[in-house]
Amino acid sequence: MAIRLTDGSEFLHIPKTGGTWVISVLKEMKLFDKQVGHPHSDFDQSNHAFTSFEHLGSLLDKLGNRLLGRKTPIPTRFCVVRNPFSWYESWWKYQQGLGWPDWGSETSKYDWHPNSVLNGLQDNDFNEFVLKVLKKRPGYVSELYHSYTKTGIDYIAKTESLRDHLQLILNSMGFQFDPSLIENHGKRNESTVTDGINWDEKVKSMVLKVELPAFLHYDYLEESQREEFAFDSRDGVHEAILRVYKLAK
């Protein structure tokens, strides 16, 4: 169920999109209630009430509501995505700084991690790492994002405008807070690796093509790229992204 806020809403934390910073902000603002289940639970996992003892109360509430003919309230959920190019960069720098540890097991129910499929793909050359990912799991970032942004997600913020987007989302959810707590909150979990990223243009072009769903769905296509792929302005952009844009107007 990921991160629960004091009003029962939930933040779904996609790795390497700024989620650690969001959680730190929520704690400072006294809006953080608790972590329920895995810290990176995706959308489907956040709906399952049978995966841990923490969900027992929720399960009993659901059963009681069903017996009484009441609808179980659906919590408001939000998450954060980032440009797929910078996601690859961030994960490589993060792993370089840590020495490329494995993260969970792809086939384990109890040792699950969303990025376990990337275990064993370490490479000191950034472009070689990206090629390994493209070979093993083409479209990986699109797949990752989709597991968190299925129909029912209410808001999708973007790392590139995270301070503004978080304010808009929390305001829309009815929270009262001092905006300076967000505006002045320092960075969190930033990689210590500061160099090594030098995209090979052929590799970058390959990423754009195989990750096209993420570039399109989360509004990261540049205008020239939209023309190249014959998309009109913001065709196919996720409704939860557009909802954040509308809040800004």
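**Salt bridges in a predicted model**

Reader: Which residue forms a salt bridge with Asp123, and how far apart are the closest N and O atoms?
Author: In this predicted model, the salt bridge of Asp123 is formed with Lys132. Asp123 is buried, with a relative accessible area of 18%, whereas Lys132 counts as partly exposed at 30% relative accessibility.

Reader: Are Arg77 and Glu10 buried or exposed?
Author: The side chains of these two residues meet in a salt bridge, at 2.8 Å from N to O, and the pair links strand β4 (residues 77–81), which holds Arg77, with strand β2 (residues 10–12), which holds Glu10, across 67 residues. Buried means under 20% relative accessible area. Because Arg77 has a relative accessible area of 4% and Glu10 one of 1%, Arg77 and Glu10 are both buried.

Reader: Which parts of the chain does the pair of Asp44 and Lys150 tie together, and how many residues apart in sequence are they?
Author: The side chains of Asp44 and Lys150 meet in a salt bridge of 2.5 Å, N to O. Asp44, partly exposed at 34% relative accessibility, lies in helix α2 (residues 43–47), while Lys150, partly exposed at 25%, lies in the loop between α6 (140–146) and β5 (155–158). The pair therefore ties together helix α2 and that loop, parts whose separation in sequence is 106 residues.

Methods: Residues are numbered from 1 along each chain as its sequence is written. This is a predicted model: local features need pLDDT of at least 70, side-chain atom pairs count only at pLDDT 80 or more; totals for chains, interfaces and linings use all residues. Side-chain values use heavy atoms; hydrogens and water are left out. A salt bridge is a side-chain nitrogen of Lys or Arg within 4 Å of a carboxyl oxygen of Asp or Glu. Helices (H or I, at least four residues) and strands (E, at least two) are DSSP runs, numbered from the N terminus. Buried means under 20% relative accessible area, exposed over 50%, partly exposed in between (1.4 Å probe, protein chains only).
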